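Keep the structure open while reading.

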Amino acid sequence: MYDPKSLKAEEFICHEEVLESLKYADEHKNDLELVDRIIEKAKLRKGLSHREASVLLACENEEKINEIYALAEQIKKDFYGNRIVMFAPLYLSNYCVNGCVYCPYHLKNKHIARKKLTQDEIKKEVIALQDMGHKRLAIEAGEDPVNNPIEYILESIKTIYSIKHKNGAIRRVNVNIAATTVENYRKLKEAGIGTYILFQETYHKQSYEQLHPTGPKHDYAYHTEAMDRAMQGGIDDVGLGVLFGLELYRYEFAALLMHAEHLEAVHGVGPHTISVPRIKHADDIDPNCFDNSISDDIFAKICACIRVAVPYTGMIISTRESAEVREKVIKLGVSQISGASRTSVGGYCEEERPHDTEQFDVSDNRTLDEVVNWLMSAGYIPSFCTACYREGRTGDRFMSLCKSGQIQNCCHPNALMTLKEYLCDYASDDTRKIGNELIEKEIDNIGKDKVKDIVRERLVKIENGERDFRF
Ligand code: SAM
């Protein structure tokens, strides 16, 4: 029944296979010889199967767990260097016809204010985001064919890309909207989106159906097969994720990796990113009602095991997590974080963070300047780079460059140049000072002398007002 190449949800996320893998992991979690063999395999940086990775996640031996963490850190350094890509979510509309029991936008929530941004309001939000320094957005919307049809999403993307305020520009729009048709995915591709992101929420079919009792999202197969339709529609960068807290974390972990294996087996390219959200308090939502919540330590272990299991897949963490947790998991493999997020519809235009239309409480409330400053002080390079997809480096092209390590020749200089833009246009004096010192130091880590010279030239040009250089 289990078939990673099948296009049927229940065959590529086969419940029995998940249970078998968890049983195997339980039986072998303290088999240190096997754990060692799996760690050795992970060191080859070619990934692990969902079953192997499940053994590592179940392992209780402290020494081995520390080895897994050290390897995750090393793999992170090898593939992503010390760069952290920055983005922000933009909530377009919280109208929704679904009944997701963990989400405040569910249809039966009558006391949340409903709001949908007009194109004019989107412009204002985008200007506010550009004025912070953001270049990459993830647009978010509830599912509502009347209020948020695909035409509205497409028009909004066009509006977002069209706004050039001062030196600002949104250069990559990722999209997190409900599962849709191949035709609509094709339209999104034509609109120039970056990654199509869709969280599975839970891979456990029975729980999924209970957690999504009403609305189109109730259909487990339609939701789970969405990435195949997206790829059929020409989108080759897709972002997976589960909402941790809904189901047993080990079930989700194994199934998430099975999904990645499925995409690789069918389309020849795995997920571009994996997100690891945890349920948060929100209007009408009490996270304590969900009894599968995970501790910060388990959360870190999940991040480390994802990092060693799928080394080429970016890992995203949002402001759902506190600064403290973010610091811990960035080290273990996270490559992209949001900063200064507002999870309300129209929230960026407000002076104070509004709560009336919020999707969840934000734990990291710092400004983008504070986040950038913090990252640099911890030795990371905040990157506002959006070059890959604009240079056609998507899907299998991106993956093969990534696998051969060549992507480093672009990412590192691009990170430095986009950070320089940020420092010139948006940073506080202190952040600018730290940033310029960091750039000076990091230029030496560019491998090729010729590239080094070009970067130096371009940094001067950026100082003089030119923008948008990339490799
Ligand atoms: N409506 C789309 C969908 O169904 O996929 C768009 C995504 S929704 C705006 C973004 C994500 O937020 C959801 O996929 C869900 O995982 C997450 N989310 C919903 N309620 C949440 C909560 N209370 N705490 C944390 N994350 C939540």
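**Salt bridges, open space and a helix**

The side chains of Glu209 and Lys205 meet in a salt bridge, with 3.6 Å from N to O. The model is a predicted one. Both residues belong to helix α9 (residues 205–211), where Glu209 and Lys205 sit four residues apart, about one turn of the helix. Glu209 is partly exposed, at a relative accessible area of 29%, and Lys205 is also partly exposed, at 30%.

In total the structure holds 32 salt bridges. Another of them joins Arg278 to Asp296, whose closest N and O atoms are 2.8 Å apart. Arg278 lies in the loop between β6 (273–275) and α13 (296–309), while Asp296 lies in helix α13, so the pair ties together parts that are 18 residues apart in sequence. Arg278 counts as buried, at 11% relative accessibility, whereas Asp296 counts as partly exposed, at 39%.

Asp468 and Arg390 form a salt bridge in which the closest N and O atoms are 2.7 Å apart. This pair links distant parts of the chain, 78 residues apart: Asp468 is in the segment after α20 (449–463) and Arg390 is in helix α16. Asp468 counts as partly exposed, at 29% relative accessibility, and so does Arg390, at 28%. Both belong to a network of salt bridges that also links Arg171, Glu391, Glu421 and Arg470.

The largest pocket has a volume of about 810 Å³. It is lined by 48 residues, and the closest to its centre are Glu140, Asn176, Phe199, Arg320 and Gln359. Elements giving two or more residues to this lining include β1 (83–93), β2 (136–141) and α10 (220–224). By class, the lining has 26 nonpolar, 14 polar and eight charged residues.

The second largest pocket holds about 390 Å³ of space. Among its 18 lining residues, Met132, Ala340, Arg342, Thr367 and Leu368 lie nearest the centre. Helices α6 (119–132) and α15 (368–377) each supply at least two residues of that lining, which divides into seven nonpolar, three polar and eight charged residues.

There are also three cavities of 30 Å³ or more. The largest cavity contains about 380 Å³ of space. Of its 20 lining residues, Tyr80, Val85, Arg136, Phe398 and Cys411 are the closest to its centre. By class, the lining of the largest cavity has 10 nonpolar, seven polar and three charged residues.

Finally, helix α18 (residues 408–425) has 18 residues and reaches 26 Å from its first C-alpha to its last. Of these residues, 14 are buried, so α18 is largely enclosed by the rest of the structure.

Conventions:
Residues are numbered from 1 along each chain as its sequence is written. This is a predicted model: local features need pLDDT of at least 70, side-chain atom pairs count only at pLDDT 80 or more; totals for chains, interfaces and linings use all residues. Side-chain values use heavy atoms; hydrogens and water are left out. The expected span of a helix is 1.5 Å times one less than its number of residues. Buried means under 20% relative accessible area, exposed over 50%, partly exposed in between (1.4 Å probe, protein chains only). On a 1 Å grid over the protein atoms alone, a cavity is a set of points where a 1.4 Å probe fits but cannot get out, and a pocket is an open set with protein on both sides within 12 Å along at least five of seven lines; lining residues have an atom within 4 Å of a point. Grid points are joined across faces, edges and corners, and a volume is the space filled by probe spheres set on the points. Ala, Val, Leu, Ile, Met, Phe, Trp, Tyr, Cys and Pro count as nonpolar, Asp, Glu, Lys and Arg as charged, and the others, Gly among them, as polar. A salt bridge is a side-chain nitrogen of Lys or Arg within 4 Å of a carboxyl oxygen of Asp or Glu.
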